[in-house]
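This report describes helix packing, an aromatic pair and backbone geometry in one protein model. The sequence and the structure are shown first.

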Amino acid sequence: MNSVEMEINQSAAEADAKVRILYVDDEPSLRKYGELVLQRSGFEVDTAADGEEAWAALQTRKYDLLITDNHMPNVTGLELIKKVGAAGLRLPIILASSIVSTFAKSDPPLFERGSLLAKPFTPSQLVSVVQNLLRKPQPA
């Protein structure tokens, strides 16, 4: 990330400084990457290694945004999204996957509160999607 991107991200994130994000990915290096990018952009970030761990975290803490991978052991990202919806939790969700075109056509109602993010992504792409989604009015 160049200095201009860092400056933009820092000033934009100051307004979002209290935003708490749950970042879910079963790959430790990708999970740490996402966590660091978001923390450096001023967000408060918790992580989970799979959908089960994420679901447990969602039961104990309030989050402003959920970012999840799909292909994970135990509970996939799509299964987690369905659980969130069935439980009536109202938070925006980003599904990060290398096969986003499949999801875009498969079940659009799942993403009425969220967005898709194609893997691999750059730090600025991740922060941009997060900021845009947080600014977007959420359906009731």
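In which elements of the protein chain is confidence lowest and highest? Mean confidence is lowest in helix α1 (residues 3-15), at 51, and highest in strand β1 (residues 20-24), at 98. Confidence here is pLDDT, the predictor's confidence in each residue on a scale from 0 to 100. The chain as a whole has a mean pLDDT of 84, with 76% of its residues at 70 or more.

The model is predicted: local features need pLDDT of at least 70, side-chain atom pairs count only at pLDDT 80 or more, and totals for chains, interfaces and linings use all residues. Residues are numbered from 1 along each chain as its sequence is written, and side-chain values use heavy atoms, with hydrogens and water left out. Helices (H or I, at least four residues) and strands (E, at least two) are DSSP runs numbered from the N terminus.

**Helix packing**

Two packed helices are described by the angle between their axes and the distance between the axes. Axes are lines fitted to C-alpha atoms, for helices over the stretch in contact, and angles run from 0 to 180 degrees between N-to-C directions.

| Helices | Angle | Axis distance |
|---|---|---|
| α2 (residues 28-40) and α6 (residues 123-135) | roughly 65° | within 10 Å |
| α3 (residues 51-60) and α4 | about 25° | 9 Å |

The angle makes α2 roughly perpendicular to α6, a term for 65 to 115 degrees. In this contact (heavy atoms within 4.5 Å), Tyr33, Gly34, Val37 and Leu38 of α2 meet Pro123, Leu126, Val127 and Val130 of α6. By class, the contact of α2 with α6 has 7 nonpolar, 1 polar and no charged residues. Ala, Val, Leu, Ile, Met, Phe, Trp, Tyr, Cys and Pro count as nonpolar, Asp, Glu, Lys and Arg as charged, and the others, Gly among them, as polar.

On the α3 side of the other pair, Gly51, Ala54, Trp55 and Leu58 meet Leu80, Lys83 and Val84 in α4. That contact has 5 nonpolar, 1 polar and 1 charged residues.

The structure holds 1 aromatic pair. Tyr33 and Phe121 form this pair, with 6.0 Å centre to centre and 40° between the planes, and it is tilted. Rings of Phe, Tyr and Trp (its six-membered ring) pair if their centres lie within 6.5 Å; planes under 30 degrees apart count as stacked, over 60 as edge-to-face and the rest as tilted. Tyr33 lies in helix α2 and Phe121 in the loop between β5 (114-118) and α6, so the pair ties together parts that are 88 residues apart in sequence.

Pro120 is also placed in the loop between β5 and α6. The peptide bond from Lys119 to Pro120 is cis, with omega near -5°.

Note on methods
Angles under 35 degrees count as roughly parallel, over 145 as roughly antiparallel, 65 to 115 as roughly perpendicular and the rest as oblique.
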